2 protein chains.
Amino acid sequence: MSYTILSGGVGGAKLVAGFDALISSAEVRVIANTADDFVHLGLNISPDIDTLMYTLAGIANPQTGWGILDETFSCMSALDELDGATWFRLGDKDLATHLHRTTMLQKGNSLSDVTAALCAALEVQMPIIPMTNDLVATRVHTDDGVLDFQDYFVRRQAQPAVKRLVYAGSDTAAIAPTARDALLRDSLKAVVITPSNPYLSIDPILSIAGIREALRESKVPVIAVSPIVGGQALKGPTAKIMNELGLESSALAIAKHYHGTIDGLVIDTTDSALQSSIEALGIKVCVSNTVMTDLISKKDLAAAITDFAANFEPNA
Amino acid sequence: MSYTILSGGVGGAKLVAGFDALISSAEVRVIANTADDFVHLGLNISPDIDTLMYTLAGIANPQTGWGILDETFSCMSALDELDGATWFRLGDKDLATHLHRTTMLQKGNSLSDVTAALCAALEVQMPIIPMTNDLVATRVHTDDGVLDFQDYFVRRQAQPAVKRLVYAGSDTAAIAPTARDALLRDSLKAVVITPSNPYLSIDPILSIAGIREALRESKVPVIAVSPIVGGQALKGPTAKIMNELGLESSALAIAKHYHGTIDGLVIDTTDSALQSSIEALGIKVCVSNTVMTDLISKKDLAAAITDFAANFEPNA
């Protein structure tokens, strides 16, 4: 019984940690969003891959949602004195990851291979797979102009109102071969979409034609977890963006957003009243606690998803 | 009364510090060797510029001869855990310099402009000028093959025997415009060659045709300080390399090496017996204490050089 998870950073990493606790890591693979990746200070930075990797290595900083535990920032302090760019906070330990990635990429290695090497060094067992080895970059069209993702998300703290999202490069980007393998392996029971931000983290993955094709070819159910609970996002700007795009922020709106892609949706018990409306769209519903506050609740949600997956008809 | 100094790293930086203590920094400029520069971990590193800059900023580490005082190495420790390359030790603060330089170069700024910006941020008044904005790279032909400079110097601790030195790129490299200005300004009284390693630090500067031309055009005396004292180098592999090249390591051999380039040579009191042999080459000699152990002795040596320069006939 194996699973492949589509994930962004923080919110997704919580559920991935739940699967890691529940199931042998050999059975679970994660396809990570790379449209947040950018070159900063000459370094290749892959924020979602790193959050997943640090989470699974047990060294993620749970307070910040990014970076490494017990981190120091001597380099950033020195860079500040040089009038360098310090709005994207890179810890001294975290810098090692980016230096090593940049070096390996410049030597001609693919992001897939680099990520596998970093995971091996950090003793992360679960494969973390970039959605593509090609360049895809989320561009945020806002009321304050078209912004690069990290400019919007980190420097401007997701304050500008979003009008449209473009995943530049996704029309030509090829699915990473290991991502295709992960979606089409024989033992696969379900594809799981984490409660990451649909617009900023999951849609970039789904924007790759090769990913959509592999999801179609695969006969397993695709199950998403709603990132909206009681009309609100537990973390991050998902509800804010939905409102800016003229959408109601609700689990039903999430179901409509993923309609055509997913077979099942896990919604929070708070939202159980929406079950029949979602099922009317032809999407199966699992009602569960989806708020992940500790490892127990993360593991319980993973277990609810695997139970839910077992209810789907084969070749449905 | 102004001076332009040709310098490599550690040994040269001591004399530059002496000039900085002696004379208004507006009157002194340093042209730095850049043939040690390399790209490592994706970063543009300029070791000699940085040693000069950190020395003049008062933040150089006097114990190591490289890097910054009170430095931490969290990034290197993390990189070691990732099986990354850690043979070239980059401190956390020092990394900021390389990140900022790399970013500015990638934006299209020249190394001259980047260096000026870094010096301004560190409140270094004396202009530090790269010999060229083009790529020149010292390649060390040894009994262990042809080695990149830092591979020879840092990774292999200058152990392989040197057979020949090549400054790749120097045949096409243009003198930096600010270096030309520094060698041809009206107020210039002398050009000073520091007791840096002639083969590894000074010859790369002299290998640039534009530097040699500017030295010829300039009517001021060129005065070197012998890096060999009592047959030995005070620091570094100068004597070792001379022996490997089949040369006697002596102040006389230094005079012969720089013959045709210099008008005067400062030798140590230990070597006063060599004065007449050097003068027989047509090179004026100044006998002085050249061992720089503290700021007083650095400043005294700078003063001896400026006194020596005053003895040359105008337009000699």
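A residue is buried if 20 or more other C-beta atoms lie within 10 Å of its own, exposed if 12 or fewer, and partly exposed in between, with C-beta atoms placed from the backbone. Gln157(A) has 9 C-beta neighbours inside 10 Å, so Gln157(A) counts as exposed. This is a predicted model: local features need pLDDT of at least 70, side-chain atom pairs count only at pLDDT 80 or more, and totals for chains, interfaces and linings use all residues. Residues are numbered from 1 along each chain as its sequence is written, while chains are lettered from A and ligands numbered from 1 in the order in which they are written.

**Helix H4 of chain B**
- H4(B) is mostly covered, with 13 of its 15 residues buried.
- Just after H4(B), Gly108(B) takes a positive phi of about 100 degrees.

**H4 against H5 in chain B**
- The axes of H4 (residues 92-106) and H5 (residues 111-121) of chain B come within 10 Å and cross at roughly 140 degrees.
- H4(B) is therefore oblique to H5(B); angles under 35 degrees count as roughly parallel, over 145 as roughly antiparallel, 65 to 115 as roughly perpendicular and the rest as oblique.
- Residues in the contact include His100(B) and Met104(B) of H4(B), and Val114(B) and Leu118(B) of H5(B); contact means C-beta atoms, placed from the backbone, within 7 Å.
- The residues of this contact divide into 6 nonpolar, 2 polar and 1 charged. Ala, Val, Leu, Ile, Met, Phe, Trp, Tyr, Cys and Pro count as nonpolar, Asp, Glu, Lys and Arg as charged, and the others, Gly among them, as polar.

**Where the chains meet**
- 24 residues of chain A are in contact with 24 residues of chain B.
- On the chain A side, H3 (74-81), H4 (92-106) and H5 (111-121) each supply at least two residues.
- H4(A) gives the most to that side, with 10 residues.
- The chain A side divides into 11 nonpolar, 9 polar and 4 charged residues.

- Gln157(A) is not a glycine, yet has a positive phi of about 55 degrees.
- Gln157(A) is found in the loop between helix H6 (149-155) and strand E8 (162-168) of chain A.
- Asp83(B), also not a glycine, has a positive phi near 60 degrees.
- Asp83(B) lies in the loop between helix H3 (74-81) and H4 of chain B.
- Asp83(B) counts as exposed because it has 12 C-beta neighbours inside 10 Å.

Methods
Axes fitted to C-alpha atoms, helices over the stretch in contact; angles between N-to-C directions. Helix = DSSP H or I, 4+ residues; strand = E, 2+ residues; numbered from the N terminus. Contact = placed C-beta atoms within 7 Å.
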